[in-house]
Amino acid sequence: MDDDCTIVGASFAGLACAIALARSGMRVTVLEKKVDAGQKLHTTGIIVKDAIDQVAILDSLPAQFVRRISGVRLYAPNLQHVDLAAPGYYFLTTDTPEVMRWLASRAEESGARISYRALFREATRLQSGWDLAEFGTTRFLVGADGPTSAVAKVSGLGRSSQFLFGLEYAYPGVEPPESDRLHCFVDRRLATGYIGWLAASPGGVQVGLARRVRGRQRPAVEAMGEFLDKIAPILDLRQARPASVRAGMIPCGGIVSPVAARRVLLTGDAAGMVSPVTAGGIHNALKHGLAAGHAIADYLGGKREDPSGWFVKSYPRFRMKRLLRFLFDRFQSDALFNLFLHTRPIRAAAGIIYFHHKGVFDPQMQPTDSRGQNPAAASDALTLDRLEREVARIKQSEPANR
Ligand SMILES: Cc1cc2nc3c(=O)[nH]c(=O)nc-3n(C[C@H](O)[C@H](O)[C@H](O)COP(=O)(O)OP(=O)(O)OC[C@H]3O[C@@H](n4cnc5c(N)ncnc54)[C@H](O)[C@@H]3O)c2cc1C
């Protein structure tokens, strides 16, 4: 065999997996169809604090590639807003092309070989691995090739069927107001099933929206034009030309099935490893990509069984988040959101989504409305109780699902 493991896709999941395998002494090749890992990205690139805390390779992420965002400003469809924060919690917006190049160089320094301009198309099963035609033979194959995985297709594994579609414009050199907040906009017409956003990044501002993919819809660029009109009172970008456009499908139906078979597994977006509610996938891609690398190294080193059996059981199941996705898809209502934005249950639910249960009910968290007042309503204490119990239940049942 030419390689111990071939990974298709040099993004968050594939590079993390390659780092773990190469550091375990395995011969690893990453096949990437692009000419450079930082080219043509389809992500805003926001990294949540949990990823910084849990993924050790991010410890040395250069400070100039990130910008700290300490809270969320959540806008109802009528542009009334509340500010949300949790003590100690933050997000990092990133210069994502540079982060990706940095991650690729970490993989190469660890000993992995990255083959660019390498479009993976076919694989034939061998007794002890795979024949990848012009890319040689390998003992183990990993699909880290995103939501429309070619590895899944050729190896007969499952593929995502439910998606959001995200479109984002980047404007370098623009500084938004309240730049230490992630501005999130609920609007059923423009961002059905998800949100629009505006975020200060290390080099400027990123503005985007994502919506559920269903049947015939008007083009996303049209919705984006309307979104720019809508947010003009906050930041007027209507005359500015975006320096780059990022767009892509975001799986939102949970982990595909089957996600692995003998000597092949999927990770990251290829596996459907994106939160069905927040549409965040970078943390899962890094964390489970790394873990997959360690599991495969153990298998190839003769220490454990094929990870397609035991390892993939550790993938997040997103049970509660899939339920929330189901409810949001069916019952999203602009009128109700306008009415209830300031109520504690809505703020609590938003806190659960944005801050992953931490500090949501912290008494120091002081939400404010657009008039700078705290509109907490005592009457919804009962609902809040129920939500708190629900959070405790989620915490117990899904420790890995952050
Ligand atoms: C608009 C948008 C904004 C987003 N914003 C965020 C965010 O802010 N935070 C967050 O956590 N998540 C976000 N996501 C989701 C996040 O981007 C993904 O979950 C994450 O990129 C998954 O990483 P991955 O490594 O699994 O796959 P991908 O990033 O999709 O990478 C797959 C790689 O495989 C390569 N490839 C594909 N097919 C082949 C082939 N046949 N041969 C060779 N190479 C191939 C591709 O070129 C690519 O480099 C966003 C998604 C979108 C669409």
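Reply: Begin with burial: buried means under 20% relative accessible area, exposed over 50%, and partly exposed in between, with a 1.4 Å probe and protein chains only. This is a predicted model, in which local features need pLDDT of at least 70, side-chain atom pairs count only at pLDDT 80 or more, and totals for chains, interfaces and linings use all residues. Residues are numbered from 1 along each chain as its sequence is written, and side-chain values use heavy atoms, with hydrogens and water left out.

Me: Is Arg263 buried or exposed?

Reply: Arg263 is buried, with a relative accessible area of 14%. Its backbone has a positive phi of about 60°, although Arg263 is not a glycine. Arg263 sits in the loop between β17 and β18 (264-266). Helices (H or I, at least four residues) and strands (E, at least two) are DSSP runs, numbered from the N terminus.

Me: Which loop holds Leu79?

Reply: Leu79 is in the loop between β5 (71-75) and β6 (81-84). Leu79 also has a positive phi, of about 70°, and is not a glycine. With a relative accessible area of 24%, Leu79 is partly exposed.

Me: What does Lys230 touch?

Reply: Contact means heavy atoms within 4.5 Å. Leaving aside residues up to four places away in sequence, Lys230 touches Pro77, Leu79, Val186, Asp187 and Leu190. Lys230 belongs to helix α5 (residues 220-231) and counts as buried at 17% relative accessibility.

Me: Where is the cis peptide bond that involves Pro258?

Reply: The bond runs from Ser257 to Pro258, with omega near -5°. Pro258 lies in the loop between β16 and β17 (260-261).

Me: How should I read a nonpolar core?

Reply: In soluble globular proteins, nonpolar side chains tend to be buried together. A nonpolar core is a set of buried Ala, Val, Leu, Ile, Met, Phe, Trp, Tyr and Cys residues joined through side-chain atoms within 4.5 Å. The largest one here has 101 residues, and Ile7, Leu74, Leu265 and Tyr354 touch the most other members. Apart from it lies another core of 20 residues, including Val205 and Leu228. As for Tyr354, the residues that it touches include Leu74, Phe91 and Ile195, not counting those up to four places away in sequence.

Me: Which residues come nearest to the ligand?

Reply: A residue is near a molecule if one of its heavy atoms lies within 4 Å of it. There are 33 residues around the ligand, and Ser11, Ala13, Glu32, His42 and Asp269 come nearest. Nonpolar residues are Ala, Val, Leu, Ile, Met, Phe, Trp, Tyr, Cys and Pro, charged ones are Asp, Glu, Lys and Arg, and the others, Gly among them, are polar. By these classes the shell has 16 nonpolar, 12 polar and five charged residues.

Me: Which atom of Thr43 lies 2.9 Å from the ligand?

Reply: A polar side-chain atom of Thr43 lies at that distance from an oxygen atom of the ligand. A backbone N or O atom of Thr44 lies 3.1 Å from a ligand nitrogen atom, and one of Gly45 lies 3.3 Å from a ligand oxygen atom. The protein covers 93% of the 1000 Å² of accessible area that the ligand has on its own; accessible areas come from the Shrake-Rupley method with a 1.4 Å probe, and for residues only the protein chains shown count as cover.

Technical notes. Polar contact = N/O pair within 3.5 Å; in protein donor to acceptor, adjacent residues only side chain to side chain.
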